[in-house]
Amino acid sequence: MKPISRLDMFDHAERVLKINDMGTYTVPTHGLYPFQWNWDSCLTALGQAHFDEHRAWTEIDTLFQHQWEDGMVPHIVFHKQDKGYFPGPDVWQTGRTVPTSGITQPPVAGYVVKRLVDHARDPDLAEARARDLVPKIARWHEWFHACRDPKKTGLVAILHPWESGRDNSIDWDDAFSRVPTDGVGEFKRRDTSHADAAHRPTDEQYKRYIWLVQRFRSLNWDNTRLHDASPFQVVDPGFNAILIRSVADIAELAERYGMTGIAQMSRRHVAEGLAALESLWDDRLGQYVCFDRPAGRKVDSASIGGILPVFAAIPLERVQQLATRIEALKARVEYLIPSHDPADPRFESLRYWRGPVWLIINHMIIDGLVRGDVPDLIARITSDSIRLIEEGGFAEYHDPLTAEPCGGGTFSWTAAMIMEFLQ
Ligand code: 9WN
């Protein structure tokens with residue numbers, strides 16, 4: 001791979017976004033992911049806004065055109081047929097005119113919309129588009145609170161590892177081992193024909209992914225039943241932090257636009273979420289950890305999901321502790337921040353969410369660290385992120401020890417995040 005110079009990097013990133021632009025939505029990368037993915041799209045819009053704000057808003061509008069009647073925003077919208085990805089619409093069978101998957105993904109939309117508004121060069125455009133999106137995003141948030149926190153604990157559960165966006169994280173290993181594989185027929189994975197199998201989840205994990213899809217499909221994707229029917233219900237601190245942050249950002253926009261009901265309801269959820277998040281703090285690891293709902297216990301796993309809460313308005317003392325946690329990781333990798341602690345024997349530097357660095361995560365963590373008065377650490381994470389692209393190109397993710405590019409290449413959210421880092 002030809003190294004990418006820092007001087008050319010911004011323009012190069014813009015080219016990547018244009019290559020992946022399908023007109024009204026952007027694919028994460030051609031081949032491996034030929035559809036619209038929920039959190040990819042939202043984070044990609046942050047990059048598009050650097051050169052075309054209209055286009056950025058369209059990206060999010062398109063996603064919300066496929067919001068379900070119950071409020072859920074699906075994790076994939078299958079705009080066009082493409083045999084290159086498994087599982088496609090024929091497996092999900094959600095019965096929608098434009099097919100979608102039946103699960104969701106980390107709700108970054110609220111955060112992204114507020115960021116687009118705050119950085120807008122065209123504030124009138126931003127306000128008009130945000131006014132339309134705020135009630136839709138608030139409905140999605142309400143869906144989370146109603147369907148993924150039925151006992152009103154203040155925290156929501158994911159029902160499928162794909163919902164976390166961190167598909168094969170070590171966080172899920174225990175809970176996932178209780179997901180059966182019986183009744184899963186033969187299938188042909190497509191991902192491993194585009195990307196190195198050694199960088200991807202295992203076949204065993206794929207069987208369990210599909211078992212869960214089949215289970216939810218047998219319940220007609222009725223979200224009032226899915227939570228209790230799922231053997232996999234994990235409370236991920238990172239996912240919850242993203243939700244809490246987005247709810248807080250929507251509260252602020254709603255207040256600005258006189259949408260008082262949304263603002264009040266959102267503020268209440270933020271307060272409940274932040275209070276409950278505290279129960280996931282782990283003193284030994286110095287970070288947050290997941291909670292396995294059916295097993296009724298915390299998960300002993302030092303992943304990036306437990307550092308991501310810095311993205312929400314957690315107490316300042318916790319921000320400092322998470323900064324210390326990242327400082328400790330500095331000695332174990334060449335490039336921050338690994339998605340799992342290398343001190344854990346389960347760490348794998350090349351395998352997807354079990355070790356590699358993801359620039360979207362670096363972006364959110366940097367944003368949160370601003371409250372912590374740690375400029376050197378922020379500068380270090382930013383420069384590591386840029387060095388990864390210089391050395392490994394616009395890959396989906398990178399080895400934190402060597403910068404080896406992994407997964408798909410020419411990747412939209414990697415390009416978008418670089419534009420944010422370089423701004
Ligand atoms: C399943 C598109 C998506 C990201 C996820 C990432 C990966 C899909 C897959 O790719 O997941 O949704 O097939 O591996 O884990 O975060 O949104 O880039």
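An oxygen atom of the ligand lies 2.9 Å from an N or O atom in the side chain of Gln105. This is a predicted model. Tyr85 also reaches the ligand: a polar atom of the Tyr85 side chain is 2.7 Å from a ligand oxygen. An N or O atom in the Trp353 side chain sits 3.0 Å from an oxygen atom of the ligand.

How much of the ligand's area does the protein bury? Taken alone, the ligand exposes 410 Å². The protein buries 100% of that.

## The space around the ligand

The ligand takes up the largest cavity. Around the ligand are 16 residues. Which of them come nearest? They are Asp40, Tyr85, Gly165, Asp167 and Tyr352.

Side chains of opposite charge can pair when their charged atoms come close. The structure holds 41 salt bridges. One of them joins the side chains of Lys114 and Asp118, with 2.8 Å from N to O.

Where do Lys114 and Asp118 lie? Both belong to helix H5, which spans residues 109–118. They are four residues apart, and that is about one turn of the helix.

## Two cis peptide bonds

Now look at the backbone. Phe86 and Pro87 are joined by a cis peptide bond, with omega about 0 degrees. Pro87 is in a loop. That loop runs between strand E2 (76–77) and helix H4 (89–92).

Another cis peptide bond links Leu336 to Ile337. Its omega is about -5 degrees.

## A positive phi angle

Lys152 is one more backbone feature to find. Its phi is near 55 degrees. That is a positive value, in a residue other than glycine. Lys152 sits in the loop between helix H6 (123–147) and helix H7 (161–164).

Terms used:
Residues numbered from 1 in each chain as written. Predicted model: local features only at pLDDT ≥ 70, side-chain atom pairs only at ≥ 80, totals over all residues. Heavy atoms only, no water. Near = heavy atom within 4 Å. Polar contact = N/O pair within 3.5 Å; in protein donor to acceptor, adjacent residues only side chain to side chain. Areas by Shrake-Rupley, 256 points an atom, 1.4 Å probe, with all protein chains shown as cover. 1 Å grid on protein atoms, 1.4 Å probe; cavity = no way out; pocket = protein on both sides within 12 Å on 5 of 7 lines; lining within 4 Å. Sits in = over half its atoms within 2 Å of the grid points. Salt bridge = Lys/Arg side-chain N within 4 Å of Asp/Glu carboxyl O. Helix = DSSP H or I, 4+ residues; strand = E, 2+ residues; numbered from the N terminus.
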